[in-house]
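Please study the sequence and the structure before reading each solution.

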Amino acid sequence: MAAAASQGGRSGGGGGGSGVGGGPSCGTSSSRTGLLDKWKIDDKPVKIDKWDGSAVKNSLDDSAKKVLLEKYKYVENFGLIDGRLTICTISCFFAIVALIWDYMHPFPESKPVLALCVISYFVMMGILTIYTSYKEKSIFLVAHRKDPTGMDPDDIWQLSSSLKRFDDKYTLKLTFISGRTKQQREAEFTKSIAKFFDHSGTLVMDAYEPEISRLHDSLATERKIK
Amino acid sequence: MLSLDFLDDVRRMNKRQLYYQVLNFGMIVSSALMIWKGLMVITGSESPIVVVLSGSMEPAFHRGDLLFLTNRVEDPIRVGEIVVFRIEGREIPIVHRVLKIHEKQNGHIKFLTKGDNNAVDDRGLYKQGQHWLEKKDVVGRARGLFISDIIRRTDQWRTGLICSLYWNCDNPHE
């Protein structure tokens with residue numbers, strides 16, 4: 001919930017958030033959010049190097065995320081990402097423990113602790129690989145639609161994408177998991193990235209956004225027909 | 001200050017993405033660190049890979065060659081073996097050959113080293129008053145060699161061969 005508020009506040013401009021802040025603190029909080037606003041550039045059109053495959057994929061993913069979160073007002077669920085961050089943090093923690101222990105107790109005495117840390121680190125690496133390959137796959141957004149009546153569990157929308165190396169065909173897949181029936185429906189499109197970027201590398205939202213909306217509506221309408 | 005375009009990617013990231021970038025870098029460093037510490041544990045030596053720094057072991061080892069070491073407790077040190085040792089008070093390990101050994105009944109060893117390419121033994125390098133090295137000074141025994149400049153060395157050898165052939169053709173022995 002707090003995450004949704006910060007996302008909404010970020011794109012809506014800091015003015016709304018600081019207005020609610022209260023009288024005496026209004027001045028300081030608006031200057032702080034003003035500086036944060038100048039740093040964040042959500043409204044600036046996205047311009048990337050069109051020959052850099054990973055930059056292209058990232059910008060398309062981020063824009064698809066923006067459309068779903070802002071236009072349809074879904075709430076982002078950070079569970080998957082947090083899982084990955086936790087595994088990485090634990091691995092780095094083992095490495096830091098090994099480093100400090102070896103520094104405090106020079107080598108031959110630190111052998112058992114070092115062995116433990118090294119083995120744990122590589123085990124965590126294995127867990128991370130399994131997690132990213134099987135649990136996360138290429139999903140970069142998990143969003144919830146809160147049920148307006150508040151009774152049924154949330155519907156879940158998942159976005160995943162792929163763009164092969166040196167290829168121009170971008171595949172975006174939208175998955176809808178109904179909260180009530182637990183059914184899963186998918187829709188995807190594969191298009192050349194040339195359709196969404198202009199010659200200077202700026203992402204043209206006017207060409208991209210209708211595609212996302214079309215995907216979304218195709219899944220949403222199926223539900224209504226049922 | 002605020003119109004730095006190359007920072008655009010960073011500005012567009014949210015907290016989680018920024019943290020992930022930091023973590024990514026940390027994991028690369030950690031992987032290298034863990035591989036090194038893992039090698040330390042496996043070989044038992046505090047510096048499992050060393051670089052030959054001087055020409056005192058030519059023609060066996062040249063400057064820039066990598067040596068792989070092990071330091072297992074059960075390995076005996078025998079005359080003629082190449083050991084890497086550290087002299088008390090000095091940071092840099094030295095790669096030389098064992099020349100003489102004094103061994104006691106209980107297995108305690110004192111040994112003297114000398115570089116193949118040196119004229120005298122290493123007593124001049126040892127600490128003031130120290131005449132022998134002991135097991136505790138040893139970083140490890142050389143088990144493997146990686147020649148870094150094989151291209152240059154074979155090239156020199158090949159150039160020497162061609163020059164000598166040419167010289168022989170020009171000045172044939174009658």
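**Exercise 1.** Which residues line the second largest cavity?

*Solution.* The model is a predicted one.
Step 1. The residues that line the second largest cavity are B:N71, B:R72, B:D75, B:I77, B:K135, B:V138 and B:R141.
Step 2. Sorted by class, this lining has 2 nonpolar, 1 polar and 4 charged residues.
Step 3. The space in the second largest cavity is about 30 Å³, and the model has 2 cavities of 30 Å³ or more.

**Exercise 2.** Describe the largest cavity: state its volume, its lining and the elements that supply the lining.

*Solution.* Step 1. The largest cavity holds about 40 Å³ of space.
Step 1. A:N77, A:L80, A:I81, A:E136, A:I139, A:F140, A:L141 and A:V142 form its lining.
Step 2. At least two lining residues come from each of α5 and β2 of chain A; β2(A) gives the most, with 4 residues.
Step 3. The division by class is 6 nonpolar, 1 polar and 1 charged.

**Exercise 3.** Characterise the largest pocket, and determine which chains contribute to its lining.

*Solution.* Step 1. The volume of the largest pocket is about 890 Å³. Its lining has 29 residues, of which A:N58, A:D61, A:R84, A:F140 and B:Q17 are the closest to the centre.
Step 1. Elements of chain A and of chain B take part: α4 (53-71), α5 (79-104), α6 (107-136) and β2 (139-145) of chain A, and α2 (15-43) of chain B, each supply at least two lining residues.
Step 2. The element that gives the most is α4(A), with 8 residues.
Step 3. The lining comprises 9 nonpolar, 10 polar and 10 charged residues.

**Exercise 4.** Trace the strand pairing from β3 to β5 in chain B.

*Solution.* Step 1. β3 (residues 82-85) and β4 (residues 94-103) of chain B are antiparallel partners joined over 4 bridges; B:V83 stands opposite B:H96 in β4(B).
Step 1. β4(B) also pairs with β5 (residues 109-114) of chain B, in the antiparallel sense and over 6 bridges. Here B:H102 has B:K110 in β5(B) as its bridge partner.
Step 2. The hairpin of β4(B) and β5(B) has 5 residues between the strands, and B:G107 in this hairpin takes a positive phi near 90 degrees.

**Exercise 5.** Compare a record annotation for chain B with the model.

*Solution.* Step 1. An unreviewed UniProt entry annotates residues 18-36 of chain B as "transmembrane region".
Step 1. In the model, residues 18-36 of chain B are 100% helix and 0% strand, with the end C-alpha atoms 28 Å apart.

Definitions and conventions. Residues numbered from 1 in each chain as written. Chains lettered and ligands numbered in written order. Predicted model: local features only at pLDDT ≥ 70, side-chain atom pairs only at ≥ 80, totals over all residues. Heavy atoms only, no water. 1 Å grid on protein atoms, 1.4 Å probe; cavity = no way out; pocket = protein on both sides within 12 Å on 5 of 7 lines; lining within 4 Å. Points joined across faces, edges and corners; volume = space filled by probe spheres on them. Nonpolar A, V, L, I, M, F, W, Y, C, P; charged D, E, K, R; others polar. Pairing = 2+ DSSP bridges. UniProt positions renumbered as here; feature names shortened; annotations may be inferred.
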